[in-house]
Amino acid sequence: MDISVEKSKSLKGQLTIPADKSISHRAAMFASLTGGSVRINNYSLGADCKSTLEIIKTLGSRVEFLDETTVLIDSSDAYKNGLYRLDCGNSGTSMRLFSGILASRELEATLYGDQSLSKRPMKRVITPLELMGAKIKHSKYCAPLVIKGDELYPIDYRSQLASAQVKSCVLLAGLNTVGLTKFSEPFKSRDHTERLLEYMGADIMVEGLTCKIQKSRLIPRELSVCGDISSAAFFLVAATIVPDSDIILKNVGLNSTRTGIIDVMQKMGARLEILESKSVCNELVGDIRVQYSELVGVEIGGEIIPRLIDELPVIAVLASRASGSTIVRDAADLRNKESDRIKCLVSELQKIGVNISETTDGFVVHGKSKIDGGCHVECYHDHRLAMSLYVAGLVAESKVTIRDFQWVDISFPEFLRFMYQLQS
Ligand code: S3P
């Protein structure tokens, strides 16, 4: 499905941001480990989170939708010994986290995915799991992964990567392993796993950049998922660059391991205000007001990168409207996402007329007041590129057409409806 976007009039109104993808995955996975019945409120409608639900179903949980976004998971019959084929679709989080869950259980499972996922690096999770004694077959460290689960040994693992998926994989293997499993990372990555495991009664401790976990049983508790700041990001940027906009985004997750985009926007001069916040299931949640403003370029690198890794494509769009240059460095792992997000982002934004160039570990944007548009662009089967290009189209002089826009369904099927609502 191709979608065209034209220069927009001001965005106005209020949106309740749909469920966080990372937290939805974890809520369903951890619910499936309780051996009891767990109600999850506000589960993500994205295709990735559906893949996770299908996987826990195949592994023996009963999954029942009470309404569109409320799901009841009964795991009294889950994780029985057997042979399983588990389709992760496009979802890296499903593949990497389930690797950790399955490696320590008495069963054999093949985790496979679509073309894009089959090319993504899995060595980052295979290496620590093998150190724990896991038996995993793979082809050149890519999916499909065939996991023959068994009892594992605890390890003290120092990761070179600040990756929440790697951290979560090791912690989930440690959750079912006798002894103390330790994991350290160079910078803090998103900590939803630690928070939710703690909320569900796991024996987990976090000291700075190190987490420690012991074998534990999870308690079945009702869970509620907050809105996804990575989905909110498209509207934060859109309202900041479309003149005269003023919007409120409600129920946005404000976990400090995810709010790098807010810090960067404030540094660039954006008019952004947190209106109210509270804690829901061990996660900070709040409402954000954002208004149009003039921006200046900034440098982005180091510890902030994992706190805004998924927002870098839309931050490039933001930077294209700033005065001066924005330099993004230390973000080489962007090349290992649903697409090579550095190469693909730069090539498509250049087509629209943005002054952006690729570096080995990031990109440089020279902001300017006009973006031409008037062309077709590709999203390379990547949901975040599709939505970032749409936001760029809102300020382009002529129409931009994005090919295969249906890829937004991976994380944010409501995106267009929400955008039209702010334009009406
Ligand atoms: C995620 C972690 C990040 C992020 C991805 C979701 C998670 O990946 O990019 O969209 O839910 O743990 P990495 O762990 O590879 O950085």
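**Exercise 1. The ligand and its surroundings**

How many Å from an N or O atom in the side chain of Lys-337 is an oxygen atom of the ligand? Work this out in the predicted model, then describe the rest of the ligand's surroundings.

*Solution.* Start at Lys-337, where an N or O atom of the side chain lies 2.7 Å from an oxygen atom of the ligand. This counts as a polar contact, because such a contact is a pair of N or O atoms within 3.5 Å. Next, take Ser-163, whose side chain has an N or O atom 2.7 Å from an oxygen atom of the ligand, and then Arg-26, for which the corresponding separation is 2.6 Å. On its own the ligand has 390 Å² of accessible area, and the protein covers 95% of it. Finally, list the residues that surround the ligand, among them Ser-22, Thr-93, Arg-96, Arg-124, Gln-165, Arg-190 and Asp-310.

**Exercise 2. An aromatic pair and its neighbour**

*Solution.* A pair of aromatic rings is described by the distance of the centres and the angle of the planes. The search of the whole structure finds 9 aromatic pairs. In the pair formed by Phe-234 and Phe-415, the centres are 6.0 Å apart and the planes stand at 85 degrees; planes over 60 degrees apart count as edge-to-face, so this pair is edge-to-face.

Then consider burial, for which the cut-off is under 20% relative accessible area. Phe-234 is buried because its value is 2%, and Phe-415 is buried because its value is 0%. Phe-415 also pairs with Phe-412, and because the ring centres are 5.8 Å apart with the planes at 75 degrees, that pair is edge-to-face. Phe-412 is likewise buried, at 0%.

**Exercise 3. Charges over rings**

Over the ring of which residue does the charged end of Arg-85 sit, and over which ring does that of Lys-123 sit?

*Solution.* For Arg-85, the charged end sits over the ring of Tyr-112, at 4.4 Å from the ring centre. For Lys-123, the ring is that of Tyr-141, and the charged end lies 5.1 Å from its centre.

Definitions and conventions. Residues are numbered from 1 along each chain as its sequence is written. This is a predicted model: local features need pLDDT of at least 70, side-chain atom pairs count only at pLDDT 80 or more; totals for chains, interfaces and linings use all residues. Side-chain values use heavy atoms; hydrogens and water are left out. Rings of Phe, Tyr and Trp (its six-membered ring) pair if their centres lie within 6.5 Å; planes under 30 degrees apart count as stacked, over 60 as edge-to-face and the rest as tilted. Buried means under 20% relative accessible area, exposed over 50%, partly exposed in between (1.4 Å probe, protein chains only). A charge sits over a ring if NZ of Lys or CZ of Arg is within 6 Å of the ring centre and within 35 degrees of the ring normal. A residue is near a molecule or strand if one of its heavy atoms lies within 4 Å of it. A polar contact is a pair of N or O atoms within 3.5 Å; within protein, one must be able to donate a hydrogen and the other to accept it, and residues adjacent in sequence count only if both atoms are side-chain atoms. Accessible areas come from the Shrake-Rupley method with a 1.4 Å probe; for residues, only the protein chains shown count as cover.
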